[in-house]
Amino acid sequence: MTTSVPTVKLNDGREIPQLGYGVFKVDPAETKQLVAEALRVGYRHIDTAAIYGNEEGVGQAIAESGIPREELWITTKLWNDRQTDAAAALDESLEKLGLDYVDLYLIHWPTPEKGTYVEAWKQLIELQKSGKARSIGVSNFFPEHLDELESQTPVTPAVNQIELHPYLQQWKDIDAARSHGIMVEAWGPLGQGKSDLLEQPEITEAAEAHGVTPAQVVIRWHLQNGTIVFPKSANPERIAENFDVFDFELSDSEMAGITGLDRGEEGRGGAHPLEFN
Ligand code: NAD
C-alpha cells in the first residue's frame with residue numbers, strides 16, 4: 001500500500017508532510033524499532049527533540065531503512081539550556097541522528113524569563129544559511145513572542161509547534177501564526193492520552209459512522225483544519241492505525257461537533273509557555 005500524505009507549503013517554499021510520527025517519551029531503547037515500523041508503514045516525517053534522548057534511535061532507523069534522505073522530513077529541537085549555544089547543540093543532534101542536515105530545527109520553548117529566545121532565533125537564521133537546518137521554526141511561542149522575532153530579525157519562523165487538540169484549540173494563536181505566514185504544528189494532538197477526550201460522543205459517533213477509531217477521527221479533524229500533526233504511539237498497531245486516515249472525510253457537522261469540545265485554557269494538559277522556564 002502506498003499512501004500519499006498531503007504536504008503543507010511553508011513560507012520558505014519547502015513542503016512538509018502533514019502527518020508524521022512523534023517520539024516524545026518513546027523509550028530510547030525502543031526508538032530504532034518503532035521508528036523503523038513507522039517508516040515501514042509509510043510515515044516519512046519524524047518529530048524528535050534533543051531533550052527526548054532518542055535521536056540516536058531515530059538516526060539508526062533512518063540509516064537502516066534505505067529510504068533516500070530527500071524522501072524524509074526530520075525535525076529536532078533546541079533545548080532550553082542551549083539557547084545561546086545553538087550551533088554546537090545542532091551539531092550534537094546531527095551527530096546523534098547521523099545526518100548532515102535536519103529538515104526543521106525548532107526553538108523548543110520561548111522560556112521568556114531567560115530572555116534569550118531572540119538571540120537563539122538569530123543563531124537559527126545562521127544555521128539555516130549554513131544548510132544544516134533546511135527550515136527553521138519555533139515551538140510553544142505566544143503571539144507576543146512571534147511579534148518580538150518579527151520586529152528584531154529579518155526571518156519569520158516557518159512553523160510554530162503548539163499544544164493543540166480538541167480540548168485546547170487555540171484558534172486565536174492559530175490565526176496570529178497564520179497571519180504571519182507561519183504554519184501551525186499540533187503537539188499532543190490526541191491529548192497525550194491524559195484525558196477522556198477519545199470517549200466524547202462527538203468523536204465516538206463520528207468514529208462509528210465512518211468505521212474508524214476515535215484516534216483516527218481526531219487525527220482527521222487536525223488534518224482537515226490544515227494543521228501539521230504527528231501523533232505518538234509505542235504500539236505498532238496504533239502506529240499503523242494513526243497513519244490510516246486518508247480514506248474517509250469528516251463532514252462539516254462532524255468537524256463542528258468536535259470543534260465544540262474546546263475547553264480553552266482549562267483544556268491545557270502540558271506546561272504553560274509563559275511559565276515554563
Ligand atoms: P499524543 O497526543 O500524540 O498522544 C500520545 C498518546 O495517545 C499515546 O501515548 C497513547 O496513550 C495515545 N494514543 C496514541 N495513538 C492512539 C490510538 N490509535 N488509540 C488510542 N490512543 C492512542 O501526545 P504527544 O506524544 O505528547 O504528542 C505528539 C508529538 O508531539 C510528540 O511525540 C512530540 O513529537 C511532539 N511534542 C512536542 C512538544 C513540544 O513542546 N514541542 C511537547 C509534547 C509533544
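Reader: What makes helix α4 and helix α5 a crossing pair, and at what angle do they cross?

Author: This is a predicted model. In it, the axes of α4 (residues 117-130) and α5 (residues 143-152) come within 10 Å and cross at roughly 55°.

Reader: Which hand does the crossing of α4 and α5 have?

Author: The crossing is right-handed.

Reader: Which residues make the contact?

Author: From α4 come Y117, V118, W121 and K122. From α5 come E144, H145, E148, L149 and Q152. By class, the contact has four nonpolar, two polar and three charged residues.

Reader: What is the order of the strands in the open sheet?

Author: Eight strands run in the order β3-β4-β5-β6-β7-β8-β9-β10, with parallel pairing.

Reader: Why do β3 and β10 stand at the edges?

Author: β3 (21-22) and β10 (228-229) each have a single partner strand, so one side of each is left without a neighbour in the sheet.

Reader: How do you know that β8 and β9 pair?

Author: Count the bridges. Two strands pair if there are at least two bridges between them. β8 (residues 159-163) and β9 (residues 183-187) have five, in the parallel sense.

Reader: Which residues of helix α2 are buried, and what covers them?

Author: In α2 (residues 55-65), the buried residues are E55, G57, V58, G59, A61 and I62. Their cover includes α1 (28-41), β4 (45-47), β5 (73-78) and α3 (86-97). Just after α2, G66 takes a positive phi of about 75°.

Reader: Where is T111, and what is its phi?

Author: T111 is in the loop between β6 (102-107) and α4. Its phi is near 35°, a positive value in a residue other than glycine.

Reader: Why is T111 called buried?

Author: Buried means under 20% relative accessible area. T111 has 0%, so T111 is buried.

Reader: What about Q192: where is it, and why is it called partly exposed?

Author: Q192 is in the loop between β9 and α7 (201-210). Phi of Q192 is near 60°, again positive in a residue other than glycine. Buried is under 20% and exposed is over 50%. Q192 has a relative accessible area of 30%, so Q192 is partly exposed.

Definitions and conventions. Residues numbered from 1 in each chain as written. Predicted model: local features only at pLDDT ≥ 70, side-chain atom pairs only at ≥ 80, totals over all residues. Heavy atoms only, no water. Axes fitted to C-alpha atoms, helices over the stretch in contact; angles between N-to-C directions. Helix = DSSP H or I, 4+ residues; strand = E, 2+ residues; numbered from the N terminus. Left-handed = near helix turned anticlockwise from the far one by under 90°. Contact = heavy atoms within 4.5 Å. Nonpolar A, V, L, I, M, F, W, Y, C, P; charged D, E, K, R; others polar. Buried < 20%, exposed > 50% of the residue type's maximum accessible area, 1.4 Å probe, protein only.
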